[in-house]
Amino acid sequence: PGIILKQHGRSARESELVPGFALNCTRASQAMPKAVENAKIALLDFDLQKARMKMGVQILIKDPKKLEEVRKREFDITKERIQKILASGANVILTTRGIDDTSMKYMVEAGVIGVRRVTKDDMRRIAKLTGGRIMTTLADEEGGESFSEEALGEAKCGVEERVGDSECVFIREPKTARAQSIVL
């Protein structure tokens with residue numbers, strides 16, 4: 001399996017065959033590393049943003065101090081989720097949704113590449129190529145949250161490179177299957 005990726009700003013003669021999988025996405029933050037060797041890839045189908053109450057859920061707080069506690073807890077939930085993913089050994093995090101500034105800060109501190117808004121088709125292909133599992137939630141059977149090392153995909157490296165006028169993320173030499181991408 002592979003992909004054909006069209007990028008502007010290059011001539012047809014500069015087309016190349018790239019070993020691995022090319023994503024038409026960029027790192028979530030420029031402070032993240034451009035490349036990670038021995039990539040352990042977390043494939044997420046949920047937001048890495050501050051936990052908010054769902055639509056229609058109301059919390060009535062009469063004490064202003066309690067309001068600050070609720071806000072702090074929302075940030076703590078996000079931090080705990082990122083820490084669980086990082087504790088599994090993940091050094092590349094791909095998500096189909098968004099990554100907020102708080103989550104980016106934790107990823108930058110850990111030296112992790114985070115990529116947001118990856119298409120579900122690309123996620124399925126990457127999961128197949130790397131032996132990873134797409135996680136739709138961190139919920140486990142005990143009612144808590146956890147992230148298992150078995151859900152991680154593996155590749156020789158994850159790297160962002162300039163291609164034409166924009167940047168692309170490449171998953172090079174995935175663990176379970178051979179893949180090649182044509183960059184036009």
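Q: In this predicted model, what are Glu160 and Arg27, buried or exposed?
A: Glu160 is buried, and Arg27 is buried as well, where the word stands for a relative accessible area under 20%.

Q: What makes the pair of Glu160 and Arg27 a salt bridge?
A: The nitrogen and oxygen of the two side chains are 2.8 Å apart, and the cut-off for a salt bridge is within 4 Å, so the pair of Glu160 and Arg27 qualifies. This pair links distant parts of the chain, since Glu160 is in strand 8 (residues 153–163), Arg27 is in the loop between strand 3 (21–23) and strand 4, and the two are 133 residues apart.

Q: Why is it said that Glu167 and Lys34 tie together parts of the chain?
A: Their side chains meet in a salt bridge, with 3.6 Å from N to O. Glu167 lies in strand 9 (residues 166–174) and Lys34 in the loop between strand 3 and strand 4, so this pair joins parts that are 133 residues apart in sequence.

Q: How do you know that Lys34 is partly exposed?
A: The relative accessible area of Lys34 is 41%, and the class called partly exposed lies between the buried limit of 20% and the exposed limit of 50%, so Lys34 is placed in that class.

Q: What makes Lys156 and Glu173 a salt bridge?
A: The distance from N to O is 3.9 Å, which is within the 4 Å cut-off, so the pair of Lys156 and Glu173 is counted. Lys156 lies in strand 8 and Glu173 in strand 9, so the pair ties together parts that are 17 residues apart in sequence. Lys156 has 44% relative accessibility and counts as partly exposed, and Glu173 counts as partly exposed at 46%.

Q: Which residues are linked in a network of salt bridges?
A: The network is made of Arg27, Lys34, Glu160, Arg162 and Glu167. A search of the whole structure finds 13 salt bridges.

Q: Why are Cys25 and Cys168 called buried?
A: The limit for buried is under 20%; Cys25 has a relative accessibility of 13% and so counts as buried, and Cys168, at 0%, counts as buried too.

Q: Why is Phe170 called buried, and which residues is Phe170 in contact with?
A: Phe170, whose place is in strand 9, has a relative accessible area of 2%, and this is under the 20% limit, so Phe170 is classed as buried. Leaving aside its neighbours within four places in sequence, Phe170 is in contact with several residues, including Val18, Phe21, Ala22, Cys157 and Val183. Phe170 and Cys157 are 13 residues apart in sequence, and their C-alpha atoms are 8.1 Å apart in space.

Q: Why are the buried residues of helix 3 placed on the same side?
A: In helix 3 (residues 120–130), the residues Asp122, Met123, Ile126, Ala127, Leu129 and Thr130 are buried. They cover an arc of only 165° around the axis, and therefore they are on the same side of helix 3. Just after helix 3, Gly131 takes a positive phi of about 80°.

Q: How many helices and strands does the chain have?
A: The chain has three helices and 10 strands, and of its 184 residues, 42% count as buried.

Key: Residues numbered from 1 in each chain as written. Predicted model: local features only at pLDDT ≥ 70, side-chain atom pairs only at ≥ 80, totals over all residues. Heavy atoms only, no water. Helix = DSSP H or I, 4+ residues; strand = E, 2+ residues; numbered from the N terminus. Buried < 20%, exposed > 50% of the residue type's maximum accessible area, 1.4 Å probe, protein only. Contact = heavy atoms within 4.5 Å. Arc of directions from axis to C-beta.
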